[in-house]
Structures are given as C-alpha cells and as structure tokens.
Amino acid sequence: MSAPGENLRINGDRLWDSLMDMARIGPGIAGGNNRQTLTDDDKKGRELFQAWCDDAGLSMAVDQMGTMFMTRPGTDPDALPVYIGSHLDTQPTGGKYDGVLGVLAGLEVVRSMNDLGIKTKHPIVVTNWTNEEGARFAPAMLASGVFAGIHTLDWAYGRKDMDGKSFGDELQRIGWVGEEPVGARKMHAYFEYHIEQGPILEAEKRQIGVVTHGQGLWWLEFTLTGKEAHTGSTPMLMRVNAGLAMARIMEAVQAIAMAHQPGAVGGVGQVKFSPNSRNVLPGTVVFTVDIRSPELGKLTSMRSQIEEKAQAICAELGVGYAMEAVGHFDPVAFDPTLVQRVRSAAEKLGYSHMDIISGAGHDACWTNRVAPSTMIMCPCVGGLSHNEAEDISKDWASAGADVLFHAVVETAEIVE
C-alpha cells in the first residue's frame with residue numbers, strides 16, 4: 001500500500017481561510033458562533049459547504065437525517081469509500097473550530113489531492129453529520145446514532161427542542177431531508193479530526209493527539225416537581241422546593257464523580273426553571289446530569305449512585321421525581337490499525353504526538369460500531385471549548401490536517 005511522500009502537505013492558508021469564512025455564518029456575540037442545528041444559519045452553512053464541494057468536483061448525497069455525504073470517486077467502482085467526517089453545527093455559545101475543523105479539513109484533503117493529481121483506489125467521502133452537538137435536540141451525535149442503528153429514524157424525528165419544535169419538522173423546514181435511507185452506505189474506514197476540547201496536548205506541547213479511546217457517557221435528564229409559591233411569604237418549613245432538591249443533587253453529582261477519581265467526570269450544564277420568576281419557588285425544574293468515564297465499571301457505578309441519591313433527596317423534601325436517560329454510549333476503543341496509521345503519519349511528518357483519550361463524544365464513537373474508525377486531535381488554547389473564546393492556531397490546524405491527509409490517502413490506496 002503506497003503513501004504520499006513525506007514532503008507533501010495540505011494548503012494550510014486555504015484551510016484557515018475556509019474556517020474563517022464559515023465562521024461568518026451564525027456569528028456569536030463574543031467572537032464565536034451560534035449555528036445550532038436545523039436553524040436558518042445551519043442551512044446557510046450547509047449551502048456554503050456544498051458550494052465549496054461542488055467547486056472541488058465532489059458529488060453530494062443527503063440521507064433522511066440530513067447528513068451530507070460529498071464523494072470524490074476512486075478508480076475502483078467496487079471499493080468501499082474512506083470517510084472523513086465531523087459536524088458544522090455549534091453550541092449556542094460555541095467556538096469557530098469544534099466540529100467545523102474536521103469537516104473543512106476533510107474538504108482540504110480533497111482539494112490538496114486535486115492539486116497534486118493524486119488518485120486513489122477507494123472513493124473518499126467528506127461528511128457533515130447532522131446534530132452532533134445535541135444542544136438543541138438531545139441526544140448528541142443524533143444522525144450518526146441513527147446511521148449506526150442505535151436510534152430509529154422515527155424516534156430521532158420526534159426529538160424536541162426547549163420550544164417544543166421537533167427535529168423532523170425543523171429538518172423539513174430548512175429543506176434538508178434527503179432521500180437516502182440512513183445507514184444504507186458502507187464504510188471502508190472513518191477518520192475524524194477534531195480539536196481536543198481539553199488542556200492536555202497544549203500542556204504537553206504536543207502537536208498531534210493520537211486518539212486511542214473515547215469516554216463513555218450518560219446524560220440523565222431529571223424532572224423535579226415542587227409547588228409554586230411566593231418566595232417572600234411562604235414559611236421555610238412549608239415549602240416544596242424543587243430548586244433546593246436540584247441543588248442538593250448537583251452537590252451529590254460532584255461528590256460521586258470525585259469519589260470515582262481518576263478517570264471520571266460529572267456535572268450539570270443545562271437547567272430550566274418554571275415559571276422562572278424571581279419571587280416564585282419553581283413548580284418544575286428540569287436539568288441534565290452529564291457523567292463520563294473511559295471505564296465502563298465507573299460509568300455504571302456513578303449512574304447508579306446518582307439515581308439512588310437523587311431519589312432519596314426528593315423523598316426527603318417531598319419533591320416529585322422523574323428521570324429519563326436522554327443520551328448514552330459505552331466507552332470506545334478505536335481501530336488499532338487506523339490508530340497506528342495516524343501515529344505513523346505523525347512520526348513521518350516530524351510532528352510531536354502522544355496517545356490520548358477523547359473526553360468528549362464524537363460521531364466517530366458511533367461509526368466505530370459499524371466500521372473501522374479513529375480520530376486525530378489538535379491542541380486548543382487553555383483546553384477551552386463549548387465557549388466563544390475557543391481558539392487554536394493556524395499551525396496546529398495545519399499539522400493535524402497534514403496527518404489526516406497522509407493517513408486517509410494511505411488508507412484509500414494511491415493509484416500510480
């Protein structure tokens with residue numbers, strides 16, 4: 001199997017320009033992006049990406065979840081494609097690189113192959129997965145989850161945002177319901193390039209993260225029911241305070257995660273009070289606990305302890321209790337052959353690297369169920385992500401894209 005010469009690189013300036021151009025769509029309020037899935041800005045981002053892919057000679061297919069598959073043909077019509085993917089949707093206060101880097105680096109791999117006249121046996125498909133973030137429609141990695149058979153299409157279409165709008169209706173509204181059945185296509189291999197979203201690579205002064213594993217995750221959505229009452233005139237001993245129950249559960253999540261160190265995290269990032277008035281105790285509190293670990297035993301133990309403690313807290317306070325698991329995947333071990341291909345590419349190109357576990361969930365966690373998959377990571381400043389201040393350097397972006405280019409082209413098999 002032949003590989004590109006070690007002197008070959010992607011066009012780092014072009015990749016960076018593409019990142020900056022995409023960031024103009026759905027700008028945030030503090031330098032980042034708010035391009036949540038199935039919004040009008042998501043539609044605009046898709047259209048820009050499609051235009052760039054058209055210019056690069058790629059053909060587009062869209063599945064029933066709205067995922068975009070942009071194909072560069074190979075020389076063997078029977079060879080399964082090599083996929084490069086990530087997502088263009090962002091958090092409400094997201095950065096310019098989370099997900100977007102992986103999609104546009106995939107496009108840059110194809111552009112560089114075109115520039116260099118490289119032909120491969122296997123087709124290459126650049127993919128934009130729908131609703132990776134899960135910020136608007138839980139769970140995260142929704143489209144890739146349907147692709148991998150984790151969720152049904154009907155269930156995904158029925159997911160609702162905080163305003164009660166359904167995923168299926170919003171996908172239809174922006175005009176991105178495709179005809180291709182979800183999961184119909186097969187993969188030879190899947191690569192995903194992503195910012196680390198953590199501080200390790202920068203602290204260790206490494207340019208490349210060779211991702212060997214991904215953490216498992218549970219998202220546990222709690223609905224606590226109290227009694228709406230005036231905050232000034234209701235005696236403390238006569239309150240049914242769902243807000244207090246939530247606070248105690250959050251403290252319990254912190255304690256339980258700390259008790260499972262090392263290699264475990266837990267926290268709450270989303271809370272909805274109702275009626276959310278300054279002087280009314282909440283009648284309902286809905287919040288999501290996010291727990292993660294690369295060790296299945298720890299993940300299972302944390303969930304069990306959190307549920308047990310939460311029920312006890314609510315019983316003590318007389319608060320109604322309900323819990324729904326709205327997101328889950330087990331810890332992931334990525335394909336050893338592809339992991340080694342990434343490591344070898346970094347070594348050949350002279351980039352400093354280290355093995356790393358992904359702290360966040362990614363579409364690769366689901367594709368790994370149905371095809372050999374792996375990930376590449378680049379550092380991000382201060383480990384900051386899911387924040388408009390998220391930042392990387394052009395050199396970091398280019399180095400990881402170079403590794404992606406070499407690993408993908410080697411896997412797709414150069415035709416001389």
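Q: Where does Met141 lie?
A: This is a predicted model, and in it Met141 lies in the loop between β5 and α4.

Q: Is Met141 buried or exposed there?
A: Met141 is buried, because its relative accessible area is 2% and buried means under 20%.

Q: And what is its backbone like; what is the phi of Met141?
A: Phi of Met141 is positive, about 50°, although the residue is not a glycine. Most residues other than glycine have a negative phi.

Q: Which peptide bond is cis, with omega near 5°?
A: That is the bond from Ala138 to Pro139. Pro139 is found in the loop between β5 and α4, with α4 covering residues 142-147. Met141 also lies in the loop between β5 and α4.

Q: What about the bond from Gln261 to Pro262?
A: The bond from Gln261 to Pro262 is cis, with omega near -5°. Pro262 lies in the loop between α8 (242-259) and β10 (265-274).

Q: How accessible is His386?
A: His386 has 40% relative accessibility, so it counts as partly exposed. Met141, by contrast, is buried at 2%.

Q: Changing topic: where is Thr127 found?
A: Thr127 is found in strand β5, which covers residues 124-128. Thr127 has 0% relative accessibility and therefore counts as buried.

Q: Which residues does Thr127 touch?
A: Leaving aside residues up to four places away in sequence, Thr127 touches Thr67, Met68, Phe69, Tyr83, Ile84, Gly85, Ser86 and Val103.

Q: Where is Pro73, and is it buried or exposed?
A: Pro73 is found in the loop between β2 (68-72) and β3 (82-86). At 58% relative accessibility Pro73 counts as exposed, because the cut-off for exposed is over 50%.

Q: How far is the C-alpha atom of Pro73 from that of Gly232?
A: The two C-alpha atoms are separated by 69 Å, and the residues are 159 apart along the chain. Along its principal axes the C-alpha trace spans about 80 × 45 × 40 Å.

Q: What does the radius of gyration say about the chain as a whole?
A: A compact globule of 416 residues would have a radius of gyration near 22 Å, and the protein chain has 22 Å, so the two agree. Buried residues make up 55% of the 416 residues.

Q: How many helices and strands are there?
A: The protein chain has twelve helices and 17 strands. Among contacts with a separation of 6 or more, residues 24 or more positions apart account for 80%.

Q: Lastly, where is the confidence lowest and where highest?
A: Confidence is lowest in strand β13 (residues 320-329), at a mean of 93, and highest in strand β5, at 99. The protein chain averages a pLDDT of 97, and 99% of the residues score at least 70.

Note on methods. Residues numbered from 1 in each chain as written. Predicted model: local features only at pLDDT ≥ 70, side-chain atom pairs only at ≥ 80, totals over all residues. Heavy atoms only, no water. pLDDT = per-residue confidence, 0-100. Helix = DSSP H or I, 4+ residues; strand = E, 2+ residues; numbered from the N terminus. Rg over C-alpha atoms; globule rule 2.2 N^0.38 Å. Buried < 20%, exposed > 50% of the residue type's maximum accessible area, 1.4 Å probe, protein only. Contact = heavy atoms within 4.5 Å.
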